[in-house]
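Biologist: Could you take me through one part of this model up close? I'd like to look at the aromatic rings.

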Amino acid sequence: MDSLRYLAVLLACLVVTLPLEPLARVYRRPLRLAGTLLPVLAAFATWDVVATLRGHWWFSHRFTLGVRILGLPVEEWLFFLVVPTCALLTYETLRRGRAR
């Protein structure tokens with residue numbers, strides 16, 4: 001079960017912020033969301049891949065599924081999509097709430 005912890009945390013982030021969607025409208029604008037996520041994904045994935053290759057950073061096999069893409073666990077790739085999305089949902093909700 002330890003290998004599912006990273007995924008469980010990502011899922012929890014999505015579940016907690018999903019109720020914000022009706023006000024934030026992040027998922028309803030997929031091109032805008034992609035335009036926000038792609039630079040984040042590119043920058044931080046590059047950083048992680050380089051750091052991992054150099055031995056500055058590593059991922060525990062105990063807490064990941066073991067599936068890797070370019071040396072990074074699949075959970076890390078999902079992290080680069082899930083966490084910014086959750087942050088964007090929160091930001092948009094607060095911004096729209098303040099405008100009211």
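Biologist: Is Phe80 buried or exposed, and what is its relative accessible area?

Modeller: Phe80 is buried, because its relative accessible area is 4%; buried means under 20%, exposed means over 50%, and partly exposed is in between, using a 1.4 Å probe and protein chains only. Before we go on, this is a predicted model, where local features need pLDDT of at least 70, side-chain atom pairs count only at pLDDT 80 or more, and totals for chains, interfaces and linings use all residues. Residues are numbered from 1 along each chain as its sequence is written, and side-chain values use heavy atoms, with hydrogens and water left out.

Now for the rings. Those of Phe, Tyr and Trp (its six-membered ring) pair if their centres lie within 6.5 Å; planes under 30 degrees apart are stacked, over 60 edge-to-face, and the rest tilted. That rule gives 5 aromatic pairs. Take Trp57 and Phe59: their ring centres are 6.1 Å apart and their planes sit at 85 degrees, so we call this pair edge-to-face. Trp57 is partly exposed, at 43% relative accessible area, while Phe59 comes out at 10% and so counts as buried.

Back to your Phe80: Phe80 makes an edge-to-face pair with Phe79, at 6.0 Å centre to centre and with 75 degrees between the planes. Phe79 is partly exposed, since its relative accessible area is 32%. Ring pairs also tie Phe79 and Phe80 into a cluster with Tyr6 and Trp77.
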